[in-house]
Amino acid sequence: MSGIGGKVIALTGASSGIGEATAVHLAERGAHVVLGARRKDRLEAVVERITASGGSARGVVVDVTSRDDLARLVGAALEGFGRLDVLVSNAGTMAVSPFDDLRQDDWDAMVATHITGLLNGIGAALPVFRRQRSGQFVNVASTAAYVVKSPQAVYAATKTAVKVLTEGLRQESGPDLRVTLVSPGFTNTEGVGKGGSPEAAAELARQRDEIAMPPSAIASAIAYAIEQPEGIDVSEIVVRPTVQA
Ligand SMILES: NC(=O)c1ccc[n+]([C@@H]2O[C@H](COP(=O)([O-])OP(=O)(O)OC[C@H]3O[C@@H](n4cnc5c(N)ncnc54)[C@H](OP(=O)(O)O)[C@@H]3O)[C@@H](O)[C@H]2O)c1
């Protein structure tokens with residue numbers, strides 16, 4: 001199956017920002033979207049927004065750090081639509097801070113969300129994709145996977161891990177599966193710096209407000225990777241505002 005219409009697409013981190021914009025965009029183009037995140041009210045609002053305009057969406061409250069939750073997300077796609085064509089692993093936390101602040105809970109959350117969360121998605125979807133002999137992983141990293149800027153080392157390390165895991169998965173996935181890495185630069189979302197040290201969060205928010213691109217730029221990049229014909233793997237996309245150094 002090529003294109004986007006009719007595809008069953010599960011997406012984590014769909015309650016706001018890039019995930020929300022991507023869910024809306026893919027649903028507008030005829031995909032059945034199965035959306036995961038922790039905040040039930042925000043998730044329901046996205047599902048309502050899509051269904052109110054005639055799209056197909058359902059929400060599942062998931063914490064990506066839980067293996068069982070990812071299995072439930074994939075299970076909801078299979079129960080609802082009989083298959084899963086794409087898993088977009090987008091959930092993330094940008095709680096950056098200098099090492100000296102010792103915000104170890106934030107470090108743990110970034111490791112758990114970006115690395116364990118991604119692996120939980122692979123563990124849940126890979127057997128389904130193998131059985132179907134088709135499927136696509138779209139993993140959201142960051143330009144921080146390419147350039148480390150203080151005080152973002154832990155964030156950058158976990159996003160570098162996303163890049164490495166995605167490339168390794170791609171090498172093992174052929175010939176039936178597709179694996180795509182999408183790395184955004186500064187994007188205008190509520191998540192930029194959220195939960196990080198106050199100084200780091202304020203600085204990131206300042207830069208975001210100055211240079212960020214809209215989340216629709218990333219939604220389009222994800223859609224481009226998904227809409228390619230079977231057998232064509234868009235392996236890596238980096239999208240940043242032109243003014244981002
Ligand atoms: N904005 C940027 O400048 C930028 C740049 C590069 C990369 N990115 C990446 O893009 C992705 C989306 O971020 P965003 O900018 O759209 O920020 P956002 O609006 O804060 O979105 C993050 C999403 O992840 C979800 N999430 C966080 N932890 C989760 C968990 N443990 N389990 C399930 N869902 C979880 C959040 O929902 P709940 O809180 O409801 O669970 C939310 O839906 C992230 O991976 C981020 O690192 C963003």
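Is strand 1 (residues 8-12) largely enclosed by the rest of the structure or left open, and why? In this predicted model, where residues are numbered from 1 along each chain as its sequence is written, local features need pLDDT of at least 70, side-chain atom pairs count only at pLDDT 80 or more, and totals for chains, interfaces and linings use all residues. Side-chain values use heavy atoms, with hydrogens and water left out.

Strand 1 is largely enclosed, because 5 of its 5 residues are buried; buried here means under 20% relative accessible area, exposed means over 50%, and partly exposed lies in between (1.4 Å probe, protein chains only). Helices (H or I, at least four residues) and strands (E, at least two) are DSSP runs, numbered from the N terminus. Cover is found on both faces of strand 1, with Val8, Ala10 and Thr12 buried on one side and Ile9 and Leu11 buried on the other.

The neighbours of strand 1 come next. Strand 2 (residues 32-37) runs parallel to strand 1 and is joined to it by 5 bridges, where two strands pair if DSSP finds at least two bridges between them. Within this pairing, Thr12 has Gly36 of strand 2 as its bridge partner. Together with helix 1 (residues 17-28), strands 1 and 2 form a right-handed β-α-β unit; right-handed means that, with the strands pointing away from the viewer, the path from the first strand over the helix to the second runs clockwise. Strand 4 (residues 86-89) also pairs with strand 1 in the parallel sense, over 3 bridges, and there Leu11 is partnered by Val88.

A further parallel pairing joins strand 6 (residues 177-184) to strand 7 through 4 bridges, with Ser183 bridged to Val238 of strand 7. Thr180 lies in strand 6 and counts as buried at 0% relative accessibility. Its C-alpha is 10 Å from that of Leu87, although Thr180 and Leu87 are 93 residues apart in sequence.

What of the ligand: which residues come nearest to it? Of the 30 residues around the ligand, these are Ser16, Ile18, Arg38, Tyr155 and Thr189, a residue being counted if one of its heavy atoms lies within 4 Å. A polar backbone atom of Gly13 is 3.1 Å from a ligand oxygen atom, and a polar side-chain atom of Arg39 lies 2.8 Å from an oxygen atom of the ligand. A ligand nitrogen atom, in turn, is 3.0 Å from an N or O atom in the side chain of Asp63.

The whole structure holds 2 aromatic pairs, defined for rings of Phe, Tyr and Trp (its six-membered ring) with centres within 6.5 Å, where planes under 30 degrees apart count as stacked, over 60 as edge-to-face and the rest as tilted. The Phe99 and Trp107 rings are edge-to-face, because their planes stand at 70 degrees, with centres 5.7 Å apart. Phe129 and Phe137 also form an edge-to-face pair, with ring centres 4.9 Å apart and planes at 70 degrees; both residues are buried. Trp107 counts as buried too, at 18% relative accessibility.

Conventions
A polar contact is a pair of N or O atoms within 3.5 Å; within protein, one must be able to donate a hydrogen and the other to accept it, and residues adjacent in sequence count only if both atoms are side-chain atoms.
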